[in-house]
Amino acid sequence: MMSWQIKKFSDLTIDELYAILQVRFNVFVLEQQCLYAEIDGKDQTAYHLFKEQDGEVVAYLRIYRTAAGQAALGRVLVQRQCRGKGIAEELLTKAICFVEEELKEGTIKIQAQEYLIDFYGAFGFVPVSAVYLEDGIPHADMLRIHLS
């Protein structure tokens, strides 16, 4: 059975935190071979949105504020064996709804890997930077502005 959860850092159980860090490491460090500061100090003030299946985190992202105070999504992932099943679309839809309805924010920032620009574009995100290398992977900054 799969279930979605969104929690503040302080509400995560030790097992949930471990599972989140494990899946982030597996996808970004091992699968994408990206060496970077995974533990970056943003988790403690973030909301953590994740989907569990049989006690394993299969999809995840965090919602946090940038240094400028802007709502942002980061560490967006779906485990390889769960890709192509609509889970990424569910994840992003839930995150956008949470930011707009619960946090009352109309603008959301994301640093998108270049190959996902069109995916995020389908959710209203538009590129606001040229493509640049972040930890050896091409990225672009994107914004979604919801006009109410």
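Glu134 stands opposite Ile137 in β8. The model is predicted, so that local features require pLDDT of at least 70 and side-chain atom pairs count only at pLDDT 80 or more, whereas totals for chains, interfaces and linings use all residues. Residues are numbered from 1 along each chain as its sequence is written, and side-chain values use heavy atoms, with hydrogens and water left out. Helices (H or I, at least four residues) and strands (E, at least two) are DSSP runs numbered from the N terminus; two strands pair if DSSP finds at least two bridges between them.

**Strand β8 and its partners**

- Of the 9 residues of β8, 7 are buried (under 20% relative accessible area; exposed is over 50%, partly exposed in between; 1.4 Å probe, protein chains only), so β8 is largely enclosed by the rest of the structure.
- Strand β7 (residues 132-134) runs antiparallel to β8, and 3 bridges join the two.
- β7 and β8 form a hairpin with 2 residues between them, and Asp135 in the turn has a positive phi of about 55°.
- Strand β6 (residues 125-127) is also joined to β8 by 3 bridges, in the antiparallel sense; Pro127 has Met142 in β8 as its bridge partner.
- β5 and β8 run antiparallel and are joined by 7 bridges, and Arg144 in β8 is the bridge partner of Ile108.

- Strand β4 (residues 71-78) is mostly covered, with 7 of its 8 residues buried.
- Strand β3 (residues 56-65) pairs with β4 in the antiparallel sense over 6 bridges, and Arg65 stands opposite Ala71 in β4.
- Between β3 and β4, which form a hairpin, there are 5 residues; Gly69 in the turn has a positive phi of about 90°.
- β4 runs parallel to strand β5 (residues 107-113), with 3 bridges joining them; Ala72 stands opposite Lys109 in β5.
- From β4 the chain passes through α2 to β5 in a right-handed β-α-β crossover (with the strands pointing away from the viewer, the path from the first strand over the helix to the second runs clockwise).

**Helix α2**

- Helix α2 (residues 87-102) has 16 residues and reaches 21 Å from its first C-alpha to its last, close to the expected 22 Å (1.5 Å times one less than the number of residues).
- The buried residues of α2 include Ile87, Leu91, Leu92, Phe98 and Val99.
- Just after α2, Lys104 takes a positive phi of about 55°.

**Cysteines**

- The count of disulfides (pairs of cysteine sulfur atoms within 2.5 Å) comes to 0.
- Cys82 is buried, with a relative accessible area of 4%, whereas Cys97 is partly exposed at 33%.

**Largest pocket**

- About 900 Å³ of space lies in the largest pocket; a pocket is an open set of points on a 1 Å grid over the protein atoms alone, where a 1.4 Å probe fits, with protein on both sides within 12 Å along at least five of seven lines.
- Grid points are joined across faces, edges and corners, and the volume is the space filled by probe spheres set on them.
- The pocket is lined by 42 residues (each with an atom within 4 Å of a point), and the closest to its centre are Phe28, Arg75, Val76, Gln111 and Gln113.
- The largest share of the lining, 7 residues, comes from β4.
- Elements that each supply at least two lining residues include α1 (14-31), α3 (117-121) and β8 (137-145).
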